[in-house]
Amino acid sequence: MSKKALKLGAASILALGAGAAVVSKKNKRDEQRKATKDIQERAHKEFRNTERGKYTKNSKGIYYSNGNYEAFARPEKPEGVDDKSAYIVGSGLGALAAACFLVRDGQMKGENIHILEAMDIAGGACDGINDPTRGYVMRGGREMENHFECLWDLFRSIPSIETPGVSVLDEYYWLNKHDPNYSLCRATINRGEDAHTDGKFNLSQKGCMEIMKLFFTKDEDLYDKTIEDFFDKEVFDSDFWLYWRTMFAFENWHSALEMKLYIQRFIHHIGGLPDFSALKFTKYNQYESLILPMQKYLEDAGVEFRFNTRVDNVIFDFRDGKKIAKTIECTVKGETKSIDLTENDLVFVTNGSCTEGTIYGDHTHAPVGNAEVRTSGCWSLWKNIAAQDSSFGHPEKFCGDISKSNWESATVTTSDEKIISYIKKICKRDPRTGNVVTGGIVSCKDSSWLLSWTINRQGQFKEQKKDEVCVWVYSLFTDVDGDYIKKPMKECTGEEITAEWLYHLGVPVEEIDELAKNQCNTTPTMMPFITAFFMPRRKGDRPDVIPDGCVNFAFLGQFAETPRDTIFTTEYSVRTAMEAVYGLLGVDRGVPEVWGSVYDVRDLLDSSVKLMDGKSPLEIDLGPLNGIKKVILKKIKGTVIEKVLKDHDVIKDYMKY
């Protein structure tokens, strides 16, 4: 064959290929247009200019609502509730909330509700105790805000155990009105010097764009992705990331999906990040302020608490498309027992736990080796349940790598005037007044452990002595050497952790060892799964609160799936409890929807200005987005949308920046 023929043949093949590509592209475009048209036609067909059906329950037996009408309403007694009973596995916040909703809204007899707890005390992760062998112990603290809709819905009904005639919400509301929370020093550097973050985020334009891109990315495009897949040093080197990671305990390798949900959920509080003015705290530790009032409320209602009862499995019967919990297998004081169930026996299981397997040290012992480990069997229980059906989730996604889900905290108790003088210098308040002290964590910006510490209102414990101050210390990096103590935090005794903290307070080096040894008592707690819920995940890894097909079973807590809300919050635990009870029992009352600030143009504009440290979006070089902006402006030109944007008072207000 001649060269000319070869060239002609090659040209023909290329032309055919190009033609095929054009056809393929056209077919794809036609398919997309058809799909869009189908969606529009379906929406048009389903549209009704009426509110009929607005409160129709979904497949889980619940509906979402907002406003005072639903929030203040008392539901009717569910049909058949007197013939039903409930078994609640665990006694953390979610479990106790489920019991409270069964009593209050489900109007179930208290004696028909049974709480099965592996430990000898209620509370789960909401702890706070004076351990006679160790001293005061707080594994963590709970940050709360105005729009924890389900939490406040619950606590308006829980009587205070301190003040007769008022609710827990009442006393909490009054406390935070009289003594509002805010920080006067968010971060330190150079051993106790104010880092002068001064409320600024110090984000570059590129960093702002990275956050914006994550904000608008579809959930499914974030499955199994990490934060570092979306952010680089433009964000990671900013004060925004210092605030964010230390406040919420995010690591670079954690879930990008969860990061996005947090930004969207708390967009109305971006301005309160630098000084914690967005937050509110309880008077005492969360065990005494939240758990004990709930426990008394339930005991007064006749609810049964079965302590030292570890649930090992829930056996299901699968038939006719239904998933029916038939047997609870448990261990009671070392003896294997079982509880037979009918469809009228409702089962609520707290699957997974952020504080499972906590290792306790003390002032002279690190949480390693022969240290005490407390387990409740939450992870093994979830694994046993999940093995029976894929809709019950995938626990291994969360508990499979403790090197990425652990951090350590410690409770330091001191009454030493010298140490307290350094505290006063940093937080600019006297910790013994009973009012707000640090207002949130103080992060040591140049700490190799990334150590943070906080002092909440004192006393944090009702029995605490007047001159004692309880300090909570935690570090995100537990496997690197300290700046004063040249060993990883996870290998340190309470005394050594105290010395590292005193070093970052600015205490003279020659005084640190004596003060740490003789003037403090410190209890360290290593928590292998404390941020397990931040591990990268995808849809289905966390089971639905009520898995499809379940007629008498629901999950509770941080590892159950509910739309739009964010884990590692008290609100999430209470929300899952409300959904579980309302769905299984048929309570005809709306679950308050997650606060909708992500849909509020005022909050979106406000947060964008604050993220850019007061600059107007108009001053930012949007680069490639300018092309998109031009297309949008061209599309709306001459329409009512353009007029609304030009005339809207809110838009005008922000143009002044």
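I started at Thr 493, which sits in the loop between β18 (469-475) and α14 (494-505). Helices here are DSSP runs of H or I with at least four residues, strands are runs of E with at least two, and both are numbered from the N terminus. The model is predicted, so I kept local features to pLDDT of at least 70 and side-chain atom pairs to pLDDT 80 or more, while totals for chains, interfaces and linings use all residues. Residues are numbered from 1 along each chain as its sequence is written, and side-chain values use heavy atoms, with hydrogens and water left out.

**Thr 493.** Is Thr 493 buried or exposed? Thr 493 is buried, at a relative accessible area of 15%. (Buried means under 20% relative accessible area, exposed over 50%, partly exposed in between, with a 1.4 Å probe and protein chains only.) Next I listed the contacts of Thr 493, skipping neighbours within four places in sequence: Asp 362, His 363, Thr 364, His 365, Ala 366 and Pro 524. Contact means heavy atoms within 4.5 Å.

**Cysteines.** I searched the whole structure for disulfides and found 0. The criterion was a pair of cysteine sulfur atoms within 2.5 Å. I also checked accessibility. Cys 150 counts as buried at 0% relative accessibility. Cys 470 is buried too, with a relative accessible area of 1%.

**The sheet.** I traced an open sheet of 5 strands in the order β8-β3-β2-β12-β20, with parallel pairing. Which strands stand at the edges? They are β8 (304-306) and β20 (553-556); each has a single partner strand, so one side of each lacks a neighbour in the sheet. From one strand to the next the twist averages 20°. Two strands count as paired if DSSP finds at least two bridges between them.

I then went through the pairs.

- β3 and β8 pair in the parallel sense over 3 bridges. Leu 116 has Arg 306 in β8 as its bridge partner.
- β2 and β3 run parallel and are joined by 4 bridges. Ala 86 has Ile 113 in β3 as its bridge partner. From β2 the chain passes through helix α3 (residues 93-104) to β3, a right-handed β-α-β crossover. (Right-handed: with the strands pointing away from the viewer, the path from the first strand over the helix to the second runs clockwise.)
- β2 (residues 85-89) and β12 (residues 345-350) pair in the parallel sense over 5 bridges. Val 89 stands opposite Val 349 in β12. Helix α16 (residues 570-585) packs on the sheet and touches β12 and β20; its direction makes about 170° with that of β20. Axes are lines fitted to C-alpha atoms, for helices over the stretch in contact, and angles run from 0 to 180 degrees between N-to-C directions.

I looked at β3 (residues 113-116) again: both faces are covered. Ile 113 and Ile 115 on one side, and His 114 and Leu 116 on the other, are all buried.

**Helix α9.** Helix α8 (residues 239-248) meets α9 (residues 256-265) at about 100°, with the axes 13 Å apart. That makes α8 and α9 roughly perpendicular. (Under 35 degrees counts as roughly parallel, over 145 as roughly antiparallel, 65 to 115 as roughly perpendicular, the rest as oblique.) Phe 240, Trp 241, Trp 244 and Phe 248 of α8 touch Met 259, Tyr 262 and Ile 263 of α9.

Helix α6 (residues 205-216) packs on α9 at about 95°, with the axes 9 Å apart. α6 and α9 are therefore roughly perpendicular to each other. Ile 211, Leu 214 and Phe 215 of α6 make the contact with Ala 256, Met 259, Lys 260, Ile 263 and Gln 264 of α9.
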